[in-house]
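Please read this briefing with the model open beside it. The points below are grouped by topic.

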Amino acid sequence: MLTHEEKQTFEEEGLVVPGYRLPDDLMGDLRALTDRVIAETPQIPPDFLFSPHLPWAGQKDTSLSDGFMAICHRPEILDAVESLIGPDIILWASRIFCKPARTGLEIPWHQDGTSGWPMRPLASVAVWIAVDDSTAENGCMRYIPGSHKLGELPFEFSSRTDLAVNVEIDNREFDASTARDNVLESGQFSIHHMFLVHSSQPNLSGKRRAGFAMRVMPATSHYDRSNVVESPSNRYDFDLANAPLFLLRGVDACGRNDIVTGPVESLDLKKIG
Ligand SMILES: O=C(O)CCC(=O)C(=O)O
């Protein structure tokens with residue numbers, strides 16, 4: 001569980017890095033899974049590996065997705081999440097944010113919760129786990145402390161093909177001079193609010209920068225598929241409408257979420273949520 005001070009940091013700044021570090025066994029598993037998904041999915045650039053906890057079409061077996069799902073169930077992570085969003089926790093998406101050495105793409109200033117996310121009340125946090133050391137040199141996440149309090153800001157879809165996220169906020173909407181680097185050592189993780197303004201630079205260094213992000217929502221919200229607003233594709237689709245929902249902890253408190261109870265079917269790339 002997070003300390004009182006850590007919870008306060010999240011409330012005031014929109015991002016917290018818990019003092020707790022993930023254990024070596026978990027990090028060993030996560031590193032091996034990350035290397036495997038990159039190696040076994042050459043058709044998708046490492047910057048765009050959406051929801052590796054789902055079995056994609058073409059995977060030789062489900063040991064990869066099962067492995068990522070096991071990480072998502074780890075109590076060390078869920079305890080921290082519970083401190084912020086309560087005991088009923090749904091996993092609805094995940095992503096490997098891998099910036100390969102020298103070629104890793106930029107992520108523009110954006111808020112996560114502005115791209116047609118369907119849950120009502122709108123509520124979600126991201127757990128960003130550093131698979132590799134993440135530094136200013138290799139393109140660590142940057143954020144504007146307190147910017148989550150600005151609420152939903154106007155944004156545009158970018159048509160640039162050199163970005164790993166295609167939603168962009170005009171930097172007149174916030175004070176970019178207050179940006180802070182989210183420097184993490186492998187095994188550390190941060191949790192950020194869905195309205196936190198954040199970005200990251202291209203990786204021009206010789207060191208890879210990979211992170212695994214879990215998107216989790218409180219089960220008090222309803223993942224209402226009729227609310228999905230499809231965004232223009234930035235080459236690799238993120239299918240919000242068909243994202244399977246997994247209850248990681250607690251109960252479906254709102255009672256209307258279609259929680260997965262059996263095996264998930266293999267998904268086509270265009271259906272990856
Ligand atoms: O990996 C990054 O640099 C940014 C991550 C991000 O945009 C997110 O977790 O929503």
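How many bridges join strand 4 to strand 12? Two bridges join these strands, which run antiparallel; two strands count as paired if DSSP finds at least two bridges between them, and helices (H or I, at least four residues) and strands (E, at least two) are DSSP runs numbered from the N terminus. This is a predicted model, in which local features need pLDDT of at least 70 and side-chain atom pairs count only at pLDDT 80 or more, whereas totals for chains, interfaces and linings use all residues. Residues are numbered from 1 along each chain as its sequence is written.

**Overall form**

- The protein chain holds four helices and 15 strands, and its radius of gyration of 17 Å is close to the 19 Å that the globule rule gives for 273 residues, so the chain is as compact as a globular protein of that length. The radius is taken over C-alpha atoms, and the rule is 2.2 Å times the number of residues to the power 0.38.
- Taken along the principal axes, the C-alpha atoms of the protein chain fill a box of roughly 50 × 40 × 40 Å.
- Of the 273 residues, 40% count as buried; a residue is buried if 20 or more other C-beta atoms lie within 10 Å of its own, exposed if 12 or fewer, and partly exposed in between, with C-beta atoms placed from the backbone.
- Among contacts between residues at least 6 apart in sequence, 86% join residues at least 24 apart, where contact requires C-beta atoms, placed from the backbone, within 7 Å.

**Surroundings of the ligand**

- The residues around the ligand are Phe-97, Ile-107, Asp-112, Ala-126, Trp-128, Met-141, Val-165, His-198, Ser-200, Gly-211 and Ala-213, each with its C-beta atom, placed from the backbone, within 6 Å of the molecule.
- Strand 6 (125-130), strand 12 (198-200) and strand 13 (209-218) are the elements that give two or more residues to this shell.
- The shell divides into seven nonpolar, three polar and one charged residue; here Ala, Val, Leu, Ile, Met, Phe, Trp, Tyr, Cys and Pro count as nonpolar, Asp, Glu, Lys and Arg as charged, and the others, Gly among them, as polar.

- An open sheet of four strands has the order 4-12-7-10 with antiparallel pairing, and its edge strands, each pairing on one side only, are strand 4 (107-110) and strand 10 (180-181).
- Ile-107 stands opposite Ser-200 in strand 12, and both Ile-107 and Ser-200 are among the residues around the ligand.
- Strand 6 pairs in the antiparallel sense with strand 11 (residues 189-193) over five bridges and with strand 13 over six bridges; Trp-128 stands opposite Ser-190 in strand 11, while Ile-129 stands opposite Phe-212 in strand 13.

- Leaving aside neighbours within four places in sequence, Val-216 is in contact with residues including Val-81, Ile-90, Val-127 and Leu-248.

**Loops and backbone exceptions**

- Most residues other than glycine have a negative phi, and most peptide bonds are trans.
- A cis peptide bond, with omega about -10°, joins Arg-120 and Pro-121, and Pro-121 lies in the loop between strand 5 (119-120) and strand 6.
- Ser-51, in the loop between strand 2 (49-50) and helix 3 (63-72), has a positive phi near 40° and counts as buried because it has 24 C-beta neighbours inside 10 Å.
- Arg-102 has a positive phi of about 70° and lies in the loop between strand 3 and strand 4; with 13 C-beta neighbours inside 10 Å, Arg-102 counts as partly exposed.
- Leu-105 lies in the loop between strand 3 and strand 4 and, with 23 C-beta neighbours inside 10 Å, counts as buried.

Technical notes:
Two residues are in contact if their C-beta atoms, placed from the backbone, lie within 7 Å.
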